[in-house]
Amino acid sequence: MTKKENLPNVLTILRILLIPFFLLITSLTHAVGWHVFAAILFAVASITDYLDGYLARKWQVVSNFGKFADPLADKMLVMSAFIMLVGLGLAPAWIAAIIVCRELAVTGLRLLLVETGGTVLAAAMPGKIKTATQMLSIIFLLCHLTLVGTILLYIALFFTIYSGYDYFKGARFLFKDTFK
């Protein structure tokens with residue numbers, strides 16, 4: 001593999017490696033300045049989420065590692081951030097719990113789909129809106145811009161629930177014998 005072919009995977013690994021630093025910086029102090037720094041670090045990690053997928057598709061270097069690690073890195077980053085926001089009192093625990101549960105449920109559904117027939121659920125527009133609003137809400141909340149952050153958080157909550165429903169609706173054939 002060339003360096004170009006490895007770059008999307010390197011970006012994914014970088015995102016995973018940034019998570020402990022994000023957690024450390026976020027938990028160092030309750031000072032707004034540290035939270036803004038954590039927001040910047042989170043934003044950089046979020047940008048790698050966009051870039052790795054974009055480059056892998058553009059250069060046609062989609063790999064099994066990328067298919068596995070990219071969504072895992074995304075979920076690790078976002079779930080860690082929401083847990084930290086709850087600990088800082090910047091987000092309600094019930095919203096973070098719904099987001100975490102949805103992410104775990106959809107991840108399980110994707111694994112089940114692959115196991116039962118090789119079907120891969122591509123991210124649809126509601127899921128992309130969910131991801132964007134989640135990431136933006138985290139950044140705004142960490143910057144203590146609570147009005148905008150909270151509005152984005154509730155939009156993210158709506159799209160979290162809706163996109164989760166959409167995924168399960170698309171895979172309802174898996175459960176047709178469940179409630180007979």
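## The loop around H144

H144 sits in the loop between α5 and α6. Helices here are DSSP runs of H or I with at least four residues, numbered from the N terminus. The phi angle of H144 is near 60°, a positive value in a residue other than glycine. Most residues other than glycine have a negative phi. With a relative accessible area of 29%, H144 is partly exposed; buried means under 20% relative accessible area, exposed over 50%, and partly exposed in between, using a 1.4 Å probe and protein chains only.

A positive phi also turns up at Q60, where the value is near 55°. Q60 belongs to the loop between α2 (32-58) and α3. Its relative accessible area is 71%, so Q60 is exposed.

## How to read the model

This is a predicted model, in which local features need pLDDT of at least 70 and side-chain atom pairs count only at pLDDT 80 or more, while totals for chains, interfaces and linings use all residues. Residues are numbered from 1 along each chain as its sequence is written, and side-chain values use heavy atoms, with hydrogens and water left out.

## Helix α6 and its cover

Let's follow the chain into helix α6, which covers residues 146-170. How far apart are the end C-alpha atoms of helix α6? They are 35 Å apart, which agrees with the 36 Å that its 25 residues should span at 1.5 Å a residue. That expected span is 1.5 Å times one less than the number of residues in the helix.

The buried residues of α6 are G149, L152, L153, A156, L157, F159, T160, S163, G164 and Y167. What covers them includes α3 (64-87), α4 (93-117) and α5 (125-142).

## T133 in helix α5

T133 is found in helix α5, and its relative accessibility of 10% means that T133 counts as buried. Contact means heavy atoms within 4.5 Å. Leaving aside neighbours within four places in sequence, T133 is in contact with L152, I155 and A156.

## F22 in helix α1

F22 has its place in helix α1 (residues 3-28). At 1% relative accessibility, F22 counts as buried. Which residues does F22 touch, not counting those up to four places away in sequence? They are A38, L41, F42, S80, A81, M84 and L142. From F22 to N9 there are 13 residues in sequence and 20 Å in space, C-alpha to C-alpha.

## Salt bridges

A salt bridge is a side-chain nitrogen of Lys or Arg within 4 Å of a carboxyl oxygen of Asp or Glu. By this rule the count comes to six. In one of them, the side chains of D70 and R15 meet at 2.5 Å, N to O. D70 lies in helix α3 and R15 in helix α1, so this pair ties together parts that are 55 residues apart in sequence. R15 counts as buried at 0% relative accessibility, and D70 is buried at 18%.

R15 also meets D74 in a salt bridge of 3.0 Å, N to O. This pair links distant parts of the chain, with D74 in helix α3 and R15 in helix α1, 59 residues apart. R15, D52, D70 and D74 are linked in a network of salt bridges. Another salt bridge joins K75 and E103 at 3.1 Å, N to O. K75 lies in helix α3 and E103 in helix α4, so the pair ties together parts that are 28 residues apart in sequence.

## Aromatic pairs

Rings of Phe, Tyr and Trp (its six-membered ring) pair if their centres lie within 6.5 Å; planes under 30 degrees apart count as stacked, over 60 as edge-to-face and the rest as tilted. The structure holds seven aromatic pairs. The rings of Y50 and Y54 have centres 5.7 Å apart and planes at 15°, so the pair is stacked. Y50 and Y54 are four residues apart in helix α2, so about one helical turn separates them.

In helix α6, F158 and Y162 are likewise four residues apart, about one helical turn. Their ring centres are 6.1 Å apart and their planes at 5°, so this pair is stacked. Ring pairs link F158, F159 and Y162 into a cluster.

Conventions: Helix = DSSP H or I, 4+ residues; strand = E, 2+ residues; numbered from the N terminus.
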